[in-house]
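This report is meant for a reader who meets the structure for the first time. Please look over the sequence and the model below before going on to the sections that follow.

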Amino acid sequence: MERIPVQLVVCDIDDTLIHKDDHLKEETIQVIQELKRRGIQFTLATGRMPYRAESYARDAELTIPYVANNGSILYDRGRMIWCRMLYAKIIQEITQRYMEMYPQFTVIFSFTDRECPLVRTEWIRKRLGKYKGYDETLGNKPEVWNQAVHKIYVLDDARSGIIGAFVRELERCANEISFFQYGEFSIEIVAGGCSKASGLTRLLEYLSLPSDCVMAVGDHTNDIEVIKKAGIGVAVANADPQLKAVADYITIGERDQGVREAVEKFVFGERREIGIPH
């Protein structure tokens with residue numbers, strides 16, 4: 001059975017398109033522009049909130065929505081076209097218990113335009129001024145928990161093992177929340193039913209495209225479902241082993257080099273092979 005030509009490239013940001021860069025590299029921008037010139041759409045699928053992804057969206061000159069906040073937001077040039085929020089109270093009891101037991105347990109609430117810690121831990125103190133909202137301490141109070149937020153981000157800078165224990169307790173709430181663990185360092189919690197794959201599903205409905213025409217590129221475990229959903233799922237060379245295990249292709253190059261490699265192999269190269277005009 002012949003593969004459907006790629007019509008949409010969907011790419012993760014952190015450790016896929018970039019490492020710690022504030023902007024996309026010029027070589028990557030040129031590849032994105034060439035995709036568009038050939039009539040192939042490009043967008044992002046990220047765990048970041050839109051306000052922290054917008055510089056990359058502008059670099060790429062996106063003309064279609066992108067998936068943000070691990071699938072709980074579809075964002076298009078300054079506006080949310082779809083979102084689902086998390087009621088913080090769902091995980092209040094579990095989270096407060098860990099905050100009481102472990103002083104290094106950092107909890108951050110994500111809002112539309114900022115991310116605010118409940119308590120100023122040492123990890124937050126070292127990053128005051130780096131991220132919008134980190135200097136605004138919400139407090140660990142009932143009224144703070146009695147609200148809807150886009151995301152709750154918790155982390156243990158000591159990587160002492162409490163994140164894994166916390167995840168096991170969160171599984172009791174699995175029908176009401178979605179969560180994505182990053183080793184023993186952190187976990188992101190969003191509204192139930194949300195993931196990059198669910199975000200891609202909504203995006204494809206919006207664009208009236210089948211999933212078979214998508215190439216998705218990522219590096220971490222929160223990319224697994226979107227990689228599996230796409231017609232071609234690509235893991236960059238620096239990807240987590242769990243992602244590599246389900247990918248259709250693992251690049252030789254790391255991060256943005258791997259992205260450009262995959263585009264050349266599966267988009268530009270394939271179109272030359274089947275005679276689609278450039």
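## A helix across a parallel sheet

Across which strands does α7 lie, and at about what angle to β1 does it run? In this predicted model, α7 lies across β1 (8-11), β2 and β13, and its direction makes about 155 degrees with that of β1. These strands belong to an open sheet of five, arranged in the order β2-β1-β13-β14-β15 with parallel pairing. At the edges stand β2 (41-44) and β15 (249-250), each of which has a single partner strand, so one side of each is left without a neighbour in the sheet.

Within this sheet, strand β13 (residues 214-218) and strand β14 (residues 232-235) run parallel and are joined by four bridges. Glycine 218 has alanine 235 of β14 as its bridge partner.

## A three-stranded antiparallel sheet

A further open sheet is formed by three strands in the order β3-β4-β5, and here the pairing is antiparallel. Its edge strands are β3 (66-68) and β5 (79-83), each of which pairs on one side only. On average, and with direction ignored, neighbouring strands of this sheet are turned by 35 degrees against each other.

Three bridges hold the antiparallel pairing between β3 and strand β4 (residues 73-76), and tyrosine 66 stands opposite tyrosine 75 in β4. Helix α7 (residues 196-207) packs on this sheet as well, where it touches β3, β4 and β5 and makes an angle of about 45 degrees with the direction of β4. Asparagine 69 is buried, its relative accessible area being 0%.

Helix α2 (residues 50-60) lies across β3 and β4, and it runs at about 150 degrees to β3. Since eight of its eleven residues are buried, α2 is largely enclosed by the rest of the structure. The buried residues are Pro50, Ala53, Glu54, Ser55, Tyr56, Ala57, Asp59 and Ala60, and they pack against α1 (26-37), β2, β3 and β4. Just after the helix, glutamate 61 takes a positive phi of about 50 degrees.

In soluble globular proteins, nonpolar side chains tend to be buried together. The largest nonpolar core of this model has 58 residues, and the members that touch the most others are Leu8, Phe42, Leu44, Met215 and Val267. Helix α10 (residues 255-273) gives the most to this core, contributing six residues. Apart from this core lies another of 27 residues, which includes Val107, Val149, Ile162 and Leu170.

For leucine 44, when residues up to four places away in sequence are not counted, the contacts are Val10, Cys11, Ile13, Leu17, Tyr56, Ala57, Leu62, Tyr66 and Val67.

## The packing of α3 and α6

Two packed helices are described by the angle between their axes and the distance between the axes. For helix α3 (residues 92-101) and helix α6 (residues 162-170), the axes come within 10 Å and cross at roughly 160 degrees. Because of this angle, α3 is roughly antiparallel to α6, and the crossing of the two is right-handed. On the side of α3 the contact is made by Ile94, Thr95, Arg97 and Tyr98, and on the side of α6 by Ile162, Ala165, Phe166, Glu169 and Leu170.

The buried residues of α3 are packed against β7 (105-110), α5 (142-145) and α6; among those buried in α3 are Ile94, Thr95 and Tyr98. At 49% relative accessibility, arginine 159 counts as partly exposed.

Cysteine 116 is found in strand β8 (residues 115-117) and is buried, with a relative accessible area of 0%. With residues up to four places away in sequence not counted, cysteine 116 touches Val107, Ile108, Phe109, Phe111, Gly133, Glu136 and Leu138. From C-alpha to C-alpha, cysteine 116 and threonine 137 are 6.2 Å apart in space, while 21 residues apart in sequence.

Notes:
Residues are numbered from 1 along each chain as its sequence is written. This is a predicted model: local features need pLDDT of at least 70, side-chain atom pairs count only at pLDDT 80 or more; totals for chains, interfaces and linings use all residues. Side-chain values use heavy atoms; hydrogens and water are left out. A nonpolar core is a set of buried Ala, Val, Leu, Ile, Met, Phe, Trp, Tyr and Cys residues joined through side-chain atoms within 4.5 Å. Buried means under 20% relative accessible area, exposed over 50%, partly exposed in between (1.4 Å probe, protein chains only). Contact means heavy atoms within 4.5 Å. Two strands pair if DSSP finds at least two bridges between them. Axes are lines fitted to C-alpha atoms, for helices over the stretch in contact, and angles run from 0 to 180 degrees between N-to-C directions. Angles under 35 degrees count as roughly parallel, over 145 as roughly antiparallel, 65 to 115 as roughly perpendicular and the rest as oblique. A crossing is left-handed if the near helix is turned anticlockwise from the far one by less than a right angle, and right-handed if clockwise.
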